[in-house]
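Reader: Hi, I'm new to this one and would like a walk through it. Could you start with the terms and then take me through the details?

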Amino acid sequence: MFNIDGIVSGFDTTSIIESLLGFQQTQIDTFNSRKAEVTTKQTTFKGIEAQLVTLQSSLSRLNRATNSVFDARTASSTNEDVVTATAGSGAIAANYQISVEQLASAHQIASQGFSSTSEQIATGDITFKVGDRAEQTITINESNNTLKGFVNTINEQVQDLNASVIFDQAAGSHRILLSSKHTGAANTISVTSGQDPLTGVLPDFSGPAVQPPLNAIVKLGSGVGAISAEYDSNTVDGLIENVTLELNQADPGAVINIDIETDTESAKEAVQGFVDNFNAIIEFIDTQSQYNPETEVANPLLGDRSASTIKNKLLTIVSESVPGSGLARLSEIGIDLDLKGKLAIDSVKLDQALKGELEGVDAGEIRNLFGLNGASTSSGIRFLGGTARTQPSETPYEVDITQAAEQALVTATNAAAASIVVDGSNDSFEITVDSVVSETLTLNHGTYTTEELAAHLQSVINSSSTLGVHEVEVSVGSDNRLSITTEAYGSAANVSSLSGTAASILGFDGSENDAGQDVAGRFLVGGVEEIAKGTGRILSGDPDNENTADLRVEVTLTAAQIVAGSEAELTITQGVTGRLNDYIRGVLDADTGLLKTVNETFESRIASIDQSIEKVEALTESKREYLIAEFTALESIINELQTTGNFISTQLTSLGNFSNNSKK
């Protein structure tokens with residue numbers, strides 16, 4: 001900045017100019033103060049946004065229609081040394097008595113003794129087979145024809161076996177131990193040797209089993225009608241619905257209690273998390289809206305309508321009743337607003353409600369009090385879920401099924417023989433399942449009945465690494481023709497192109513093909529049709545439907561169960577946390593949400609203030625330049641006046657001197 005202080009006049013020109021510009025600086029300071037206030041409010045609303053996101057995340061556990069936290073179960077065993085239990089969602093709460101009569105074991109066989117681990121093994125091929133699994137062959141040659149090399153090759157190349165060298169102390173010799181990786185009586189180990197006895201010792205595994213293959217035997221109940229069941233694994237699924245038993249040791253005759261209960265702790269934890277996060281955002285808004293009369297300081301959100309709107313809507317949602325549900329309010333299970341406007345939990349009442357011990361409260365209806373849920377009048381039509389666009393039903397929605405979902409099914413053109421021999425000439429095939437082409441698959445060699453061949457064919461197809469989850473079921477009809485059915489339903493399910501050397505013995509000529517079909521139907525709301533689309537067994541409401549948008553139901557009805565008109569009525573309820581989730585999603589929406597609008601308002605105000613500051617700064621600079629120019633001119637004038645004055649003074653002095661000289 002140009003400084004003209006004291007050039008001629010000695011004035012503090014800079015101070016004078018800044019004083020004259022003080023009004024503009026006051027304006028700038030005022031604008032900056034307003035900008036700081038707006039920025040603080042904007043930052044505070046970011047805090048509300050973060051709190052809403054946290055609250056929304058805690059709602060998901062309470063909103064699930066399937067695998068709901070309210071369906072969780074715990075399982076306990078009175079003797080976990082013998083058996084442990086885990087219960088899946090929906091397991092029936094009850095007490096079961098079981099006894100573990102026998103554990104499943106893996107087949108183990110051993111060879112004859114060898115004098116050392118370096119003893120030479122005969123070269124050639126040797127084939128191993130476990131149960132009905134595919135044969136696996138290794139080759140012994142000069143690179144691996146020792147005891148150690150033989151064992152290492154098995155472990156590297158044979159998937160279903162483990163091999164090891166053990167020392168038989170009684171005989172003073174080394175033996176090869178083969179252990180099946182699969183337990184169960186059917187998983188016996190068989191060994192077929194094609195080795196040349198002239199090149200070394202032939203391993204002989206024909207002796208008695210070191211450990212026989214056994215099925216696990218579990219008895220359910222302790223009375224005369226107790227049920228005995230066998231399993232090829234010590235992990236037992238299916239004996240008790242949705243309960244997995246891990247058998248640790250046998251204890252024949254010893255009765256063990258397996259107790260299945262509602263997992264109230266998980267439900268209470270989820271409810272507590274929701275309550276804590278709800279209270280956190282209410283407290284945050286309250287704190288940021290306070291005025292301190294002692295300090296006369298107002299917090300950023302005092303009087304802010306948007307913050308009040310969010311808070312009041314949240315409080316309204318948790319206070320409202322839930323229509324269409326057996327439970328109408330959170331207060332019925334011990335969750336209510338206190339005098340401070342926060343949710344409080346009566347833990348005793350909540351615990352009783354979750355356990356079904358609270359009078360007038362059906363524990364099965366508690367989840368309807370929270371998320372989006374649906375109840376169907378047909379066991380063949382099950383509610384799966386929906387989204388924020390799925391509306392609760394004022395009257396039940398009708399579900400009208402016009403076509404049942406079907407699997408793909410192909411039947412062999414020709415009948416299979418009653419007895420079939422599979423050997424190297426007819427053991428391979430390929431098949432396409434669900435549009436996935438398998439690798440070349442191989443049947444195990446042997447003689448089969450038609451039923452045995454069907455079971456083996458199913459096992460081989462379902463063991464395909466390429467087909468993976470695309471599994472099938474193989475059956476035999478009364479005409480001795482094999483049929484292959486996909487596990488999957490719908491138009492994406494298909495079977496075709498069974499070809500290869502095994503096709504003829506299976507009765508297929510390669511022309512057989514079929515595709516499944518998707519379920520088809522519609523939703524009716526007050527008699528008005530809303531569009532639905534089927535994928536497999538899932539029927540989904542069109543996203544543009546007024547009421548049933550994104551509604552999803554699973555339809556397991558068969559074609560014979562389809563009737564004229566609707567097959568079921570579906571009651572959809574939207575619980576408290578479901579409504580909260582929908583409201584929060586709307587507030588946070590990146591295109592239309594309230595917080596987006598609020599933030600845009602702040603940005604607009606900040607931009608407007610910045611423009612005002614720029615205008616005042618430009619005006620100030622213009623005035624400063626003008627004043628500097630004026631004061632510069634003033635200094636110049638003063639300088640001229642001083643020069644003139646000095647000249648006149650000099651002239652007067654000269655005249656005075658001249659006059660005095662003349663008198664003399």
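Author: Accessible areas here come from the Shrake-Rupley method with a 1.4 Å probe, and for residues only the protein chains shown count as cover. On that basis the protein exposes about 33,400 Å², and carbon and sulfur atoms supply 48% of that area. This is a predicted model, in which local features need pLDDT of at least 70 and side-chain atom pairs count only at pLDDT 80 or more, while totals for chains, interfaces and linings use all residues. Residues are numbered from 1 along each chain as its sequence is written, and side-chain values use heavy atoms, with hydrogens and water left out.

Reader: OK, and how many helices and strands does the protein have?

Author: There are 10 helices and 36 strands in the protein, where helices (H or I, at least four residues) and strands (E, at least two) are DSSP runs numbered from the N terminus. The radius of gyration is 44 Å, well over the 26 Å that the globule rule gives for 664 residues, so the protein is more spread out than a compact globule. That radius is taken over C-alpha atoms, and the globule rule is 2.2 Å times the number of residues to the power 0.38.

Reader: What box do the C-alpha atoms fill?

Author: Taken along the principal axes, the box is roughly 165 × 75 × 55 Å. Of the 664 residues, 39% are buried, a word that means under 20% relative accessible area, with exposed over 50% and partly exposed in between (1.4 Å probe, protein chains only).

Reader: Switching to charges, how many positive and negative side chains are there?

Author: The protein has 39 positive and 88 negative side chains, and the centres of the two sets lie 13 Å apart. Lys and Arg count as positive and Asp and Glu as negative, without His and the chain ends, and each charge is placed at NZ of Lys, CZ of Arg, CG of Asp or CD of Glu.

Reader: Let's zoom in. Where does Thr548 lie, and is it buried or exposed?

Author: Thr548 lies in the loop between β34 (538-541) and β35 (552-555), and at 0% relative accessibility it counts as buried. Beyond the residues up to four places away in sequence, Thr548 touches several others, including Tyr397, Phe523 and Glu530, where contact means heavy atoms within 4.5 Å.

Reader: Which side chain makes a polar contact with the side chain of Thr548?

Author: That is the side chain of Asn545, at 3.0 Å. A polar contact is a pair of N or O atoms within 3.5 Å; within protein, one must be able to donate a hydrogen and the other to accept it, and residues adjacent in sequence count only if both atoms are side-chain atoms.

Reader: New topic: what is phi of Asp434?

Author: Phi of Asp434 is near 55 degrees, a positive value in a residue other than glycine. Asp434 sits in the loop between β24 (428-433) and β25 (436-437), and it is buried, with a relative accessible area of 11%.
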